[in-house]
Amino acid sequence: MKRLAPAVLLGLLAGFQGGLFGVGGGIVMVPGMVLFLAVPQHRAHATSLAAMIFSTTAAVIPLAMDNRIDWDTAGFLVTGSMIGAYLGARLFSRIPEIWLAGGFLVLALASAVRMLMERETPGAAAAGTATIDTWWLGIIGFVLVGFFAGGLGAVMGVGGGIVNVPALVTLYSFEQHLAQGTSLAVIVPTAIVAAVTHTRRGHVDWRLALTLACGGLVGGWLGARTALVLNGALLRVLFVCFLLLMVTRMAVRTWKHTRQARQKAQEASA
């Protein structure tokens, strides 16, 4: 019961952030569970994906109603993403905790830099497939982007949107809102596959996931509604600022964890 209110609030914030930036919300939930709810790193990653199913579904609805999802592209991305999510979830338990934390930091920092370098392309296509000279190469590209995003998402506990959104904007000239809406549509089935696989291996705390989802449902819808009234340039700036903040917090925690582990090893060998 002690974790009830903090978990609901965390789910609300994560859902809002996920809906606002089209990234699922795991980038808030994972460090939030580790830092504030004392959840072990592996369980936090897996539980984040389970909670994300609900918050992302809530975020997709207003974006779909506003026609901000390219369903054809989403289908190609999902094909690769679900395969990547399944394989990533199966390899998950073999990865040391410190590697998970370090990988999360690198992924978040790289995404921040990538988004900071982006620029709106004048007259960018409403649908990314319209900008591809060779359609089959474009389809293969979408599948590969989805595979990479799904695999990283399953391992890092995020929805893969921090890969999908920059890729759609920079490689396929998607308008920012369309890229985010399409990314969220892909995250829902991807998160389901990853969460089911993690559940079979005993990594998901479903009680905590459903508690997070209580706030995530509201937050996801509000975040998507907010994104619709903001311009793409402002969304990118906000996204970069948020990622840099989370990188700083997680970097400090990882450094402390590493130092403590070394001290314990030294004491044990003394």
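Guide: The buried residues of helix 7 are G161, I162, V163, N164, V165, P166, A167, L168, V169 and Y172. Buried means under 20% relative accessible area with a 1.4 Å probe, protein chains only; helices are DSSP runs of H or I, at least four residues, numbered from the N terminus. This is a predicted model, in which local features need pLDDT of at least 70 and side-chain atom pairs count only at pLDDT 80 or more, while totals for chains, interfaces and linings use all residues. Residues are numbered from 1 along each chain as its sequence is written, and side-chain values use heavy atoms, without hydrogens and water.

Visitor: Why is helix 7 largely enclosed by the rest of the structure?

Guide: Because 10 of its 12 residues, in the stretch 161–172, are buried. S173 follows helix 7 and has a positive phi, near 60°.

Visitor: Which residues have the most contacts inside the largest nonpolar core?

Guide: In soluble globular proteins, nonpolar side chains tend to be buried together. Here the core has 62 residues, and M29, M33, L37, L168, F174, L208 and L212 have the most contacts inside it. A nonpolar core joins buried Ala, Val, Leu, Ile, Met, Phe, Trp, Tyr and Cys residues through side-chain atoms within 4.5 Å.

Visitor: How are helix 4 and helix 8 oriented to each other?

Guide: Angles under 35 degrees count as roughly parallel. The axes of helix 4 (residues 71–91) and helix 8, lines fitted to C-alpha atoms over the stretch in contact, come within 8 Å and cross at roughly 25°. Helix 4 and helix 8 are therefore roughly parallel.

How values were computed:
Buried < 20%, exposed > 50% of the residue type's maximum accessible area, 1.4 Å probe, protein only. Helix = DSSP H or I, 4+ residues; strand = E, 2+ residues; numbered from the N terminus. Axes fitted to C-alpha atoms, helices over the stretch in contact; angles between N-to-C directions. Parallel < 35°, antiparallel > 145°, perpendicular 65-115°, else oblique.
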